[in-house]
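Let us check some labels against their cut-offs.

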Amino acid sequence: MAKSSDNSGLDRILTLEIVRVTERAAVAAARLRGRGDEKDADQVAVDAMRKELNRLPIAGTVVIGEGERDEAPMLYIGEEVGTGKGSKVDIALDPLEGTTICAKNLPNSLAVIAMAEKGSLLYAPDVYMEKIAIGPGYPDNTVSLTKTPVENIKAVADAKGVETKDVTACILDRPRHARLIEEVRSTGAAIRLIGDGDVAGVIHTTNPEETGIDIYLGIGGAPEGVLAAAALRCIGGQMEGRLQLNTEEKIARAKTMGIDDPDRIYKLEEMASGDVVFSATGVTDGNLLSGVRFSKSAIVTHTIVMRSSSRTVREIIARHQDLGKFD
């Protein structure tokens with residue numbers, strides 16, 4: 001589980017250095033957007049992200065990645081990255097959040113990474129996670145996985161001072177969510193179904209005035225859950241997650257990572273604690289970020305980078321005129 005660290009914090013320079021990591025991965029994936037090949041798009045993003053990570057002055061360990069060691073050449077859980085000198089950090093990453101989105105050139109595909117002090121990110125297997133999240137400004141414990149979807153929708157409406165019909169929930173469009181969708185709609189609330197990209201879905205709850213999303217509900221990837229928690233630690237909000245350890249093999253894998261209770265509900269601070277830095281660069285256009293733009297003279301990227309200790313949120317629109325560095 002995530003725990004506090006005795007380190008004094010991350011080097012401030014990492015707040016901007018990790019932007020280069022997501023920029024490189026996003027540009028690599030963007031060259032293949034709309035071409036229908038999820039595997040190749042993911043692979044080039046992985047290769048680009050690994051290359052840039054290994055230039056950083058860190059002793060980094062991937063605690064949330066694209067699978068276990070036997071699935072290399074993905075950036076696997078337990079892989080060590082960086083020069084080996086500098087801050088010891090945990091890393092959660094998704095070189096291409098929304099592989100299907102990228103392959104179809106649909107909105108909200110991102111390259112995403114979070115870094116935190118050693119021991120600060122939830123160390124978990126690559127399984128599914130049940131999640132619930134809302135943005136900042138609500139009373140503590142407004143929502144919880146111990147409540148029913150109907151109770152959570154009503155709690156958000158009450159906290160906002162509106163009717164349930166004025167609440168919009170974001171849910172992944174999956175057959176497993178048929179009952180959840182039915183329950184949410186029974187309250188009169190609206191639903192925005194997304195095909196992929198639940199990191200962006202969770203982050204969208206932090207700015208409902210622009211995104212129109214008040215609450216995120218449902219089951220998605222655990223890596224995306226930890227990444228989303230890292231972002232909320234920087235922006236503010238509430239989130240809970242419960243790993244879907246529904247087979248003996250998954251339970252055994254989780255135990256090797258120190259997880260003894262397969263039904264445990266993790267609070268936001270248990271998924272991401274300490275000093276956290278988060279970066280996401282748009283691959284395709286979306287509500288959160290613009291996608292990569294290519295021209296004859298430059299490549300333009302749009303990135304959001306955040307740090308929990310300072311609650312700083314920066315948007316960086318970068319014009320890269322040295323095209324060779326992305327080859």
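A salt bridge is a side-chain nitrogen of Lys or Arg within 4 Å of a carboxyl oxygen of Asp or Glu. This is a predicted model, where local features need pLDDT of at least 70, side-chain atom pairs count only at pLDDT 80 or more, and totals for chains, interfaces and linings use all residues. Residues are numbered from 1 along each chain as its sequence is written, and side-chain values use heavy atoms, with hydrogens and water left out.

Q: What makes R20 and E17 a salt bridge?
A: Their closest N and O atoms are 3.0 Å apart. The limit is 4 Å, so the pair qualifies. The two residues are 3 apart in helix α1 (residues 14–30), about one helical turn. Helices here are DSSP runs of H or I, at least four residues, and strands are runs of E, at least two, numbered from the N terminus.

Q: Why is R20 called partly exposed?
A: Its relative accessible area is 41%. Buried means under 20%, exposed over 50%, and partly exposed in between (1.4 Å probe, protein chains only). R20 therefore falls in the middle class.

Q: What makes R253 and E249 a salt bridge?
A: The N to O distance is 2.7 Å. That lies within the cut-off, so the label holds. Both residues lie in helix α9, 4 residues apart, about one turn. E249 is partly exposed at 46%.

Q: Why does N141 count as exposed?
A: Its relative accessibility is 52%, so N141 passes the exposed cut-off. N141 lies in the loop between β5 (128–134) and α4 (149–160). Its phi is near 60°, again positive in a non-glycine residue.

Q: How do you know that E117 has no salt bridge?
A: The nearest side chain of opposite charge, R233, is 6.8 Å away. The limit is 4 Å, so no bridge is counted.

Note on methods
Lys and Arg count as positive and Asp and Glu as negative; His and the chain ends are not counted.
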